[in-house]
Amino acid sequence: MPTDLSHSKFDRLPGIEIARKGLEDLKLGKESAESYLIMIGAPRLRHCGIDIPLFTPPKPSAEICLYRHLLASGTEDPYSNYNSLLRRFVSFESSLERIHAAAVTA
């Protein structure tokens, strides 16, 4: 059964706002920092039961596209912003994996 991130039990996870926006943007075919993060994390998210909209992996990679997107957006320090977003999203993925593992073993 797919995991629904709109459920309130996920509201306190770090980075949930990134995941929710990224999934919505990906459904709409919108390129955003959040949708690139979903593309980067798709394997881990799918493993946790998240239904990821189909997408064609960008060329050269979602990581490079994310950085270019931040650079083009006029972010004052795209490198720091890139690292910060990745750290927050990895924190989200790790928290989600702990919830998933607990549910599987229960």
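**Helix α4 and what packs around it**

Reply: Start with helix α4, residues 78-105. Helix α4 has 28 residues and reaches 40 Å from its first C-alpha to its last, close to the 40 Å expected at 1.5 Å a residue. That expected span is 1.5 Å times one less than the number of residues. Helices here are DSSP runs of H or I with at least four residues, strands are runs of E with at least two, and numbering goes from the N terminus.

This is a predicted model, in which local features need pLDDT of at least 70 and side-chain atom pairs count only at pLDDT 80 or more, while totals for chains, interfaces and linings use all residues. Residues are numbered from 1 along each chain as its sequence is written, and side-chain values use heavy atoms, with hydrogens and water left out.

Now look at the buried side of the story. Pro 78, Tyr 82, Leu 85, Leu 86, Phe 89, Phe 92, Glu 93, Ser 95 and Leu 96 of α4 are buried. Buried means under 20% relative accessible area, exposed means over 50%, and partly exposed lies in between (1.4 Å probe, protein chains only). These buried residues pack against α1 (16-28), α2 and α3. Contact means heavy atoms within 4.5 Å.

Take α1 next. Its axis and that of α4 are 8 Å apart, at an angle of about 95 degrees. α1 is therefore roughly perpendicular to α4. Axes are lines fitted to C-alpha atoms, for helices over the stretch in contact, and angles run from 0 to 180 degrees between N-to-C directions. Angles under 35 degrees count as roughly parallel, over 145 as roughly antiparallel, 65 to 115 as roughly perpendicular, and the rest as oblique. From α1, Ile 16, Glu 17, Ile 18 and Ala 19 meet Leu 85, Arg 88, Phe 89 and Phe 92 of α4. By class, this contact has six nonpolar, no polar and two charged residues. Ala, Val, Leu, Ile, Met, Phe, Trp, Tyr, Cys and Pro count as nonpolar; Asp, Glu, Lys and Arg as charged; the others, Gly among them, as polar.

Leu 37 sits in helix α2. Leu 37 counts as buried because its relative accessibility is 1%. Leaving out residues up to four places away in sequence, Leu 37 touches Ile 18, Leu 66, Leu 85, Leu 86 and Phe 89.

α1 and α2 also meet. Their axes come within 7 Å and cross at roughly 95 degrees. So α1 is roughly perpendicular to α2. Ile 18, Ala 19, Lys 21, Gly 22, Leu 23, Asp 25 and Leu 26 of α1 meet Glu 34, Ser 35, Leu 37, Ile 38 and Met 39 of α2. The residues of this contact divide into seven nonpolar, two polar and three charged.

The pair α2 and α3 is next. The axes of α2 (residues 33-47) and α3 (residues 62-72) come within 9 Å and cross at roughly 165 degrees. α2 and α3 are therefore roughly antiparallel. Ala 33, Tyr 36, Leu 37, Met 39 and Ile 40 of α2 meet Ala 62, Glu 63, Cys 65, Leu 66, His 69 and Leu 70 of α3. Here the residues divide into nine nonpolar, one polar and one charged.

Last, the loop between α2 and α3 holds Pro 60. Its peptide bond from Lys 59 is cis, with omega near 5 degrees. Pro 60 and Ile 99 are 32 Å apart in space, C-alpha to C-alpha.
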